Amino acid sequence: MSAAALAGWAGHLAAGSTGFPLGSASGSLDGTPGGPALGPGVTGEGGGVLPDGTSAYDVDMPGVAGLDPRLLDALQRAATDASADDVDIVVNSGWRSGAYQEQLLDEAVTRYGTPEEAARWVATPATSAHVHGDAVDVGSWDATAWLSEHGADYDLCQIYMNETWHYELRDGAAIDGCPPMFRDPTDDPRMQR
Ligand SMILES: [Zn+2]
């Protein structure tokens, strides 16, 4: 390896260690090897961080147990029916503590450069539906595809066009369909403070 290539490689590592990725598909920090040390009481499983492969039935996990019971019930019914189609609905994120949400927001500002751009992707602790237990981020791609087709049958709706993985309960969706999506969270009146 040439000196120039080595310097570039080292620079890449340095950039990777400062700009920890949120994970564009899931927005999840779950179990990422080499991820940032998470301070006590800030995040961790008690704050809603979920291990890889968490299901809607892992109710011993605070991130799942903290969900609104009606949302959790709908998600469990959907997960059961999806598994009959050989689709695994993984819960990448559910309920989050305010501290965990704040950390995600801080990391998004680092990642996206400005608070305004970060707001397109990560809500504040005051506005996040996750902090209220009213939202789930699901994976994998198969699961989001399955939910985009069948989620409304369980009143589960995608809310933002730019977040194919983020689902919330919308009463009446099974009858009337899901409401029109917002382009991104900045168009959501709930996100205005
Ligand atoms: Zn979400």
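## Pairing and the model

Two strands count as paired here when DSSP finds at least two bridges between them. Keep that in mind as you look through this structure, which is a predicted model.

Strand 3 and strand 4, the latter covering residues 166–169, meet that requirement: three bridges link them in the antiparallel sense.

Four of them make up an open sheet, arranged in the order 1-2-4-3, with antiparallel pairing. Strand 1 (90–93) and strand 3 (156–158) are the edge strands; each has a single partner strand, so one side of each has no neighbour in the sheet. On average, neighbouring strands of the sheet are turned by 45° against each other, with direction ignored.

## A helix on the sheet

Which strands does helix 6 touch as it packs on the sheet? Helix 6, residues 141–150, touches strand 1, strand 2 (136–139), strand 3 and strand 4. The direction of helix 6 makes about 115° with that of strand 2.

## The chain overall

The chain holds seven helices and four strands.

Two figures round out the picture. Of the 193 residues in the chain, 36% are buried. Looking at contacts between residues at least 6 apart in sequence, 60% join residues at least 24 apart.

Technical notes
Residues are numbered from 1 along each chain as its sequence is written. This is a predicted model: local features need pLDDT of at least 70, side-chain atom pairs count only at pLDDT 80 or more; totals for chains, interfaces and linings use all residues. Helices (H or I, at least four residues) and strands (E, at least two) are DSSP runs, numbered from the N terminus. Axes are lines fitted to C-alpha atoms, for helices over the stretch in contact, and angles run from 0 to 180 degrees between N-to-C directions. Two residues are in contact if their C-beta atoms, placed from the backbone, lie within 7 Å. A residue is buried if 20 or more other C-beta atoms lie within 10 Å of its own, exposed if 12 or fewer, and partly exposed in between; C-beta atoms are placed from the backbone.
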